[in-house]
Amino acid sequence: MKYRILGEPMPVVVCDVDAGESMITERGSMVWMSPNMEMSTNAGGGLGKAFGRMFSGESLFQNVYTAQGGPGMIAFASSFPGSIRALEISPDRPVVVQKSGFLASERGVEMSIFFQKRAAAGFFGGEGFIMQKLSGRGIAFLEVDGYAVEYDLAPGQSLVVDTGNLCMMDATCSVDVQMVKGVKNMLFGGEGVFNTVVTGPGRVVLQTMPVSGVAAALAPFFPTGNK
């Protein structure tokens, strides 16, 4: 499979696949394709995995697109202004991504639930208890809200991240939260009460414009319905 990512900040990834090769998407993100791409919808590993995907922010069913009779082409578009990041998934390097971060992948990539091990991180870290874990082998494409910035953390090295700005991390990383110091900072600093702390070793991808941040910024401009 060959691919090219076009059109930021409203990006699309165009994939050229060989005959018999398949691509998977969870949310109907296909925007155009060649006529010989055949779609089939299934539970992707049974009802257990299907419900797991649902709890991690995706749909119950997977759409599988397969090139029939020759090479094919298919394109998947992001649902929010930002970036599309291609990741090479391998059995020794699974990754954890934010809810609804998965866009599409080769068929060898498997999605499962990732539970936050620490209750505080689940409640206050901005990512929730349940995230998505991508394992197996193949290329996966992620939706990034805004621009993607990548860091490689050494063992024990940490990064403090504002709520909602964590897009992806290697499964070797851990997540915790820390409280903003000082009552005045909490009340008047505009950064909230908690920050997410990501600790290595592993790769971390951050996003500059989370959907939650955009919603909070726009909320004052929408009528509340009260006159």
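Modeller: Let us begin with one residue. Arg4 has a relative accessible area of 39%, so Arg4 counts as partly exposed. Please keep in mind throughout that this is a predicted model.

Biologist: With which residue does Arg4 form a salt bridge?

Modeller: The general idea comes first. Side chains of opposite charge can pair when their charged atoms come close. In this structure the partner of Arg4 is Asp16, and their closest N and O atoms are 3.0 Å apart.

Biologist: How many salt bridges does a search of the whole structure find?

Modeller: The search finds four. Another of them joins Asp170 to Arg93, with 2.9 Å between the closest N and O atoms. Asp170 lies in strand E16 and Arg93 in the loop between E8 and E9, so this pair connects parts that are 77 residues apart in sequence.

Biologist: Is Asp170 buried or exposed?

Modeller: Here one needs a cut-off: a residue is called buried when its relative accessible area is under 20%. Asp170 has a value of 4% and therefore counts as buried. Arg93, at 35%, counts as partly exposed.

Biologist: Let us turn to strands. Which way do the residues of E13 point?

Modeller: In a regular strand the side chains alternate between the two faces of the sheet. In E13, Gly138, Ala140, Leu142 and Val144 point one way, while Ile139, Phe141, Glu143 and Asp145 point the other way. Eight of the eight residues of E13 are buried.

Biologist: Which strands run antiparallel to E13?

Modeller: One is E8, which pairs with E13 in the antiparallel sense over eight bridges. Within that pairing, Gly82 stands opposite Asp145. Another is E10, which is joined to E13 by three bridges and also runs antiparallel. There, Ala104 stands opposite Phe141.

Biologist: How should I read the largest nonpolar core, and which of its residues touch the most other members?

Modeller: One asks who its members are and which parts of the chain supply them. The core has 15 residues, and those touching the most other members are Leu87, Ile89, Val95, Val97, Leu134, Leu142 and Met168. Strands E8, E9, E11, E13 and E16 each contribute at least two residues to this core. E13 provides the largest share, namely three residues. 

Biologist: What is Ile89 in contact with, leaving aside its neighbours within four places in sequence?

Modeller: Its contacts include Val95, Val109, Leu134 and Ala140, together with Ser135, Gly136, Arg137 and Gly138. Apart from this core lies another one of 14 residues, including Val17, Met23, Tyr65 and Ile74.

Biologist: Where are the cis peptide bonds?

Modeller: For each bond, one reads the omega angle and then the place in the chain. A cis bond joins Glu8 and Pro9, with omega about 20°, and Pro9 is in the loop between strands E1 and E2. Another joins Gly200 and Pro201, with omega about 25°, and Pro201 is in the loop between strands E18 and E19.

Biologist: How many helices and strands does the protein have?

Modeller: It has four helices and 19 strands. Of the 227 residues, 44% are buried.

How values were computed: Residues are numbered from 1 along each chain as its sequence is written. This is a predicted model: local features need pLDDT of at least 70, side-chain atom pairs count only at pLDDT 80 or more; totals for chains, interfaces and linings use all residues. Side-chain values use heavy atoms; hydrogens and water are left out. A nonpolar core is a set of buried Ala, Val, Leu, Ile, Met, Phe, Trp, Tyr and Cys residues joined through side-chain atoms within 4.5 Å. Buried means under 20% relative accessible area, exposed over 50%, partly exposed in between (1.4 Å probe, protein chains only). Contact means heavy atoms within 4.5 Å. Two strands pair if DSSP finds at least two bridges between them. A salt bridge is a side-chain nitrogen of Lys or Arg within 4 Å of a carboxyl oxygen of Asp or Glu.
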